[in-house]
Amino acid sequence: MNAVVAAVAIMLVLSLCRIHVVVALIIGAISGGLIAGLSLEATIEAFNNGLGGGATVALSYATLGAFAVAIGKSGLAHALADRALALVGRQEDGAAVTGVRFLIIGLLLAIAISSQNILPIHIAFIPLVVPPLLYVMAKLNMDRRLVACVLTFGLITPYMFLPIGFGGIYLNEILLANVAENGVDAAGLNVMSAMALPALGMLCGLLVAVFFSYRGERRYNMDAIARTERVDVQYSPRTLIMALIAIVTAFVVQLWLGSMILGALAGFVLFNLSGVVKWKEADDLFTEGMKMLAMIGFIMIAASGFAEVMRETGEIATLVQSSVATIGENKPLAALLMLVVGLLITMGIGSSFSTIPIIAALYVPLALQMGFSPLAIVALVGTAGALGDAGSPASDSTLGPTAGLNVDGQHNHIWDTVVPTFLHYNLPLLGFGWLAAMVL
């Protein structure tokens, strides 16, 4: 068996058996290295060498986490939650309650989408915005699997379609750059046109989740929610206005300097200067932001080690080549197999951003040889990279929603986030990504 397939399968099976994701990643990486013929020492060395790549991501999350906690300190998240709770308290008939449900869904979707571009704090907003809303959602009997699907859509679709914020990094700096490096003339290519059909597939999955799969009621233990500690934050029109100004400042700095980290720091400093965050509290608040995303940071570090072991085995290329050997000149089958292999790799690595450099070097020459157009190649590689992000236990796009929805212990990471998002997003992405490769 191919070592990459075996390693990813072991990691996924252990995760489904509710073994911690970090442990599953380590065991999967070691197993994959040994199956590939590497010694235990070489496998561990490769794993350790890969940890540094995840450390950068973890440090980025620490900075963005501090900015997110500062936003929470302003009371903006609690003001939104209090407003939603007041709306629920005033509604008696079913139609009005349904309206509040869709209002919450729309609010969370808008915040999730903006977290990828306008306010580039990625998943850092979830532990601040979602927990205060759990009581409201429980009163409405909202299925948290629906909320997980909504959040995941907002975290993934913007970066794979809109070239702003995280999308600017994924589409321009990673996808187009790697495609061009491997032989495609990317000058003049409209990346949004290439990724429009895959993004439409994500939208179809969201609509199915909202209007069919999870439109019914699901009851939760209200006592468990009540036992979770809610920190009441005092807010005023002044603090809310300062929060909005800080958000705008962070966005402007991001566009001006091209750095999300500096944008977040600018917003954080503005909170300090305005007095929303007192100087004597700044150090503790920054530490709190780091702790909020600590688990996700460690998982991303472990995922980087896992990815390095997979690269060290040399069997990623073997996996692609063996797939090609069964294809011949069949373009539809070639596109499907490349997408499936991309799904497998991304689910193991947990990061679509990290997958692109690996698969671009293998897919682009093959796609050129088989006669795919430049736009189709961009769609193929971009979709193959994004595939699996929604369904990987190690992806921050699934870890983030779980961090906010499981504060009372009533939302399982695998069965309530990973499996629903896999079914509703990866399957449509496969279909629409294949269609894009065929028609572009």
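Author: Buried means under 20% relative accessible area and exposed over 50%, with partly exposed in between, using a 1.4 Å probe and protein chains only. This is a predicted model, in which local features need pLDDT of at least 70 and side-chain atom pairs count only at pLDDT 80 or more, while totals for chains, interfaces and linings use all residues. Residues are numbered from 1 along each chain as its sequence is written, and side-chain values use heavy atoms, with hydrogens and water left out.

Reader: What makes Cys149 count as buried or exposed?

Author: The relative accessible area of Cys149 is 0%, and therefore Cys149 is buried.

Reader: How many disulfides does the structure hold?

Author: It holds zero disulfides, a disulfide being a pair of cysteine sulfur atoms within 2.5 Å.

Reader: Why is Thr398 called buried?

Author: Thr398 has a relative accessible area of 0%, so Thr398 is buried. Thr398 lies in helix H20 (residues 396-405), where helices are DSSP runs of H or I with at least four residues, numbered from the N terminus. Contact means heavy atoms within 4.5 Å, and, leaving aside residues up to four places away in sequence, Thr398 touches residues including His413, Thr417, Val418 and Thr421.

Reader: What makes you say that helix H21 bends, and where?

Author: The bend at a residue is the angle between axes fitted to the seven residues ending there and the seven starting there, and at Phe422 the bend of H21 is about 35°.

Notes:
Helix = DSSP H or I, 4+ residues; strand = E, 2+ residues; numbered from the N terminus.
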